[in-house]
Amino acid sequence: MILVSCAGAYCGVPAITSVTGDYANASIAWTGNGDNYEIEIRPASQSYWNDNPIAVQGNAHTFTGLTPETDYLFRVRLVCDADNRSEWSLGAFTTDPLPCFVPTQFRADEVSGTSVSFSWQPGSAEQKWMIKVWNNTYADSVIANTTSTTINGLVASTTYQAAIKAICNDNGYESPWSSAITFTTTTCAP
């Protein structure tokens, strides 16, 4: 494909003014002398452009469905008329890491006189969680590798609180703690 540069002030190369985003989206803005543009994106690790530009009216576009923690290259050009395009203006950005979300639906499913079983739903793709249980005289925490766990050694007829957080990698990347739930152990039979 041969690109023809546009002549005159109307067909100048767009100037990228901002790139903002998160782990899955990126919004690109630019200035230019027209209303119709083409934009392309590719991972920086890919050595070629797909040569399938997205037509954009206006001076901004948002890419969605991107991969977390990935370097991307993008380019934008002005569509001068049916046969002419400006040169590409190039840019780059890196998406954020996938956030470590707080697990949901944390609950005490089975409570006995000396133990409690918890279950929850993952907040994202984590596979390890820390659960803490406490009251005025007791505190303990466990690490779980499944979406349920049991804590033993509790005192009968005692009220406790519990909270959970996700551990998203081995480098200390963790979610905030969930809101605390309250449960009371049952009275032990004689």
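Reply: This is a predicted model, and the structure holds 10 aromatic pairs.

Me: Why is the pair of F118 and F183 called edge-to-face?

Reply: The ring centres of F118 and F183 are 5.8 Å apart and their planes stand at 75 degrees; a pair requires centres within 6.5 Å, and planes over 60 degrees apart count as edge-to-face, so the pair of F118 and F183 is edge-to-face.

Me: What makes this pair of F118 and F183 a tie between parts apart in sequence?

Reply: F118 belongs to strand 10 (residues 115-121), whereas F183 belongs to strand 15 (residues 181-184), so the pair ties together parts that are 65 residues apart in sequence. Both F118 and F183 are buried.

Me: Why is the pair of W120 and W129 edge-to-face?

Reply: For W120 and W129, the centres lie 5.6 Å apart and the planes are at 65 degrees, so this pair is edge-to-face, given that the angle has to be over 60 degrees.

Me: How do you know whether W120 is buried or exposed?

Reply: Buried means under 20% relative accessible area; W120 has 1% relative accessibility and therefore counts as buried, and W129, at 2%, counts as buried as well.

Me: Which residues do ring pairs link into a cluster?

Reply: The cluster linked by ring pairs consists of F106, F118, W120, W129, Y138, Y160 and F183.

Me: What lies over the face of W49, and what lies over that of W134?

Reply: R42 lies over the face of W49, 4.6 Å from the ring centre, while K132 lies over the face of W134, 4.9 Å from the ring centre; the cut-off for this distance is within 6 Å.

Methods. Residues numbered from 1 in each chain as written. Predicted model: local features only at pLDDT ≥ 70, side-chain atom pairs only at ≥ 80, totals over all residues. Heavy atoms only, no water. Phe/Tyr/Trp six-rings, centres within 6.5 Å; stacked < 30°, edge-to-face > 60°. Helix = DSSP H or I, 4+ residues; strand = E, 2+ residues; numbered from the N terminus. Buried < 20%, exposed > 50% of the residue type's maximum accessible area, 1.4 Å probe, protein only. Lys NZ or Arg CZ within 6 Å of the ring centre and 35° of its normal.
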